[in-house]
Amino acid sequence: MAELVNFGGVVPPLVTPLDEARNVDRESVKSLVDYQLAAGVDGLFALGSSGEAALLSNTVRLDMLRATSDAVAGRVPVLAGAIEMSTERVIELLPGLEDGGADALVVTAPFYTRTSQEEIDGHFRAVAAATNLPVFAYDIPVSVPTRPSREEILRLAEDGVLAGLKDSSGDDANLRALVMERNRRGLQEFRVFTGSELMVDAAIGFGVDGVVPGLGNVDPSAYVNLFRDARAGYAGDAEKLTRARQGQDRLIELFGLVNAGDPARMGRGSSALGAFKTALMLLGIIGTNVTALPYVTLDSAEADTVRGYLESAGLL
C-alpha cells in the first residue's frame with residue numbers, strides 16, 4: 001500500500017454537474033469545488049453514489065475526475081470511486097483514475113454476482129496490488145448486498161491492504177464495534193468515515209475520523225462546523241457539544257429535501273440526487289439539475305419544494 005495521506009474530517013461526495021447533453025459541465029465543477037473549499041472541507045470524493053458513478057460512462061466518469069482534480073489543484077485530497085461489478089473491471093479503471101488525479105480510491109465489494117468473504121478478500125487484495133494509491137473499502141449494502149464483514153475489514157487493515165473504510169451501511173452498532181476493535185488492535189492509521197449525514201455528532205462521539213455527507217454538497221459549511229464543534233464538544237467543551245447537536249438537528253430537517261421528487265414518476269435515487277443538484281442550481285453553484293439516465297430530473301414544482309427547504313434553512 002502507498003504511503004497514506006492523513007485523510008479525515010469532512011469529505012463531501014460531489015455530485016457530477018452535467019449539461020443538457022449530459023456531458024460534464026466543467027465550469028460548474030469548478031464552481032462546486034470552489035464552494036466546497038471556501039467552506040473549509042478537508043477533502044472531496046468524486047464518482048461515488050452522489051456522483052451517479054454507477055450511471056455514467058467511463059468517459060464521463062474520468063472527465064469528472066479530471067475536472068475535479070484540476071479545480072482542486074492539490075489543495076485537499078481527492079478520493080475517487082473505483083466502482084465496478086468485478087475485480088477485473090475495477091482494475092481496468094485504475095490507470096484512468098490514477099492519471100486523472102486521484103489521491104486515493106474508494107472500492108466496493110463485487111456486486112450483481114454473489115460472493116463469499118473469501119472472494120471479497122481476494123477482490124480487495126487484487127485491486128490494492130494493482131495500484132500505488134491507498135484503497136478505501138466502501139460498505140454500501142443498499143447497492144452491494146454481500147458486505148465485507150467487520151473481521152474481514154480489520155484483517156485487510158492489519159495486512160496493509162486497506163487504508164480505510166467509508167461506511168454507508170446505516171449499521172451504527174457495527175460501525176462503533178469496528179472503531180472499538182480498530183483502536184484495540186492499534187490500527188489508528190486505518191481511517192474510518194461515516195457516510196450518514198444524519199448521525200455525524202453521534203459517530204464522532206464514538207471515534208470516526210470523518211464524514212462523507214451527500215447533503216454536504218448543499219451546505220458544506222454546516223458540516224464543517226458540526227464536525228469541529230462535535231470534536232471539541234467530546235473533548236470537554238459542553239457549549240460546543242450543544243451547538244453540534246443543534247447543527248445536526250438543523251441538517252436533519254434540511255435533509256427532507258431528498259423527498260421532493262414525486263414517487264409516482266421517479267425512484268428515491270432520482271429524488272435525492274435530483275434534489276441535491278436542484279438545490280445547487282437554485283444557489284447558483286451549478287448550471288443545471290440534469291441527472292444521468294435513467295434518473296428523472298426534478299421539474300419546476302419539485303424544485304419549488306427544494307426551494308422551500310433552502311429558505312427554511314436560511315440558505316436562500
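Reply: A cavity is taken here as a set of grid points where a 1.4 Å probe fits but cannot get out, and a residue lines it if one of its atoms is within 4 Å of a point. The model is a predicted one. Across the whole structure, two cavities of 30 Å³ or more are found. The largest cavity has a volume of about 50 Å³. Its lining is formed by Val 11, Phe 45, Leu 79, Val 106, Phe 136, Lys 166, Phe 193 and Val 212.

The open space is described separately. The largest pocket holds about 950 Å³. It is lined by 38 residues, of which Ser 49, Ser 50, Tyr 138, Ile 140 and Val 142 are the closest to its centre. Strand S6 (164–167) and H10 each contribute at least two residues to this lining. The element that gives the most is H10, with five residues.

The peptide bond between Leu 293 and Pro 294 is cis, with omega at about 10°. Most peptide bonds are trans, and most residues other than glycine have a negative phi. Arg 22, which is not a glycine, has a positive phi near 65°. Arg 22 sits in the loop between strand S1 (9–10) and helix H1 (26–39), and at 29% relative accessibility it is partly exposed. Tyr 112, also not a glycine, has a positive phi of about 80°. The loop that holds Tyr 112 runs between strand S4 (104–108) and helix H4 (117–129). Tyr 112 counts as exposed because its relative accessible area is 75%, and the threshold for that class is over 50%.

Helix H1 includes Ser 28. With a relative accessible area of 5%, Ser 28 is buried, since that class takes in values under 20%. The side chain of Ser 28 makes a polar contact of 2.6 Å with the side chain of Asp 25. Beyond its neighbours within four places in sequence, Ser 28 is in contact with Pro 17, Ile 285, Ile 286 and Gly 287.

Helix H9 shows how burial is arranged around a helix axis. The buried residues of H9 are Leu 241, Ala 244, Gln 248, Leu 251 and Leu 254. These residues lie on the same side of H9, because the arc they cover around the axis is only 135°. In an α-helix there are 3.6 residues a turn, so residues three or four places apart point the same way. The cover over the buried residues of H9 includes helix H7 (200–205), helix H8 (220–234) and helix H11 (300–312). On the face of H9 turned away from the buried side are the exposed residues Ala 238, Glu 239, Gln 246 and Glu 253. Glu 239 also takes part in an arrangement at the start of H9, where a side-chain oxygen of Asp 237 comes to within 3.2 Å of the backbone nitrogen of Glu 239.

Note on methods: Residues numbered from 1 in each chain as written. Predicted model: local features only at pLDDT ≥ 70, side-chain atom pairs only at ≥ 80, totals over all residues. Heavy atoms only, no water. Buried < 20%, exposed > 50% of the residue type's maximum accessible area, 1.4 Å probe, protein only. Helix = DSSP H or I, 4+ residues; strand = E, 2+ residues; numbered from the N terminus. Arc of directions from axis to C-beta. Contact = heavy atoms within 4.5 Å. Polar contact = N/O pair within 3.5 Å; in protein donor to acceptor, adjacent residues only side chain to side chain. 1 Å grid on protein atoms, 1.4 Å probe; cavity = no way out; pocket = protein on both sides within 12 Å on 5 of 7 lines; lining within 4 Å. Points joined across faces, edges and corners; volume = space filled by probe spheres on them.
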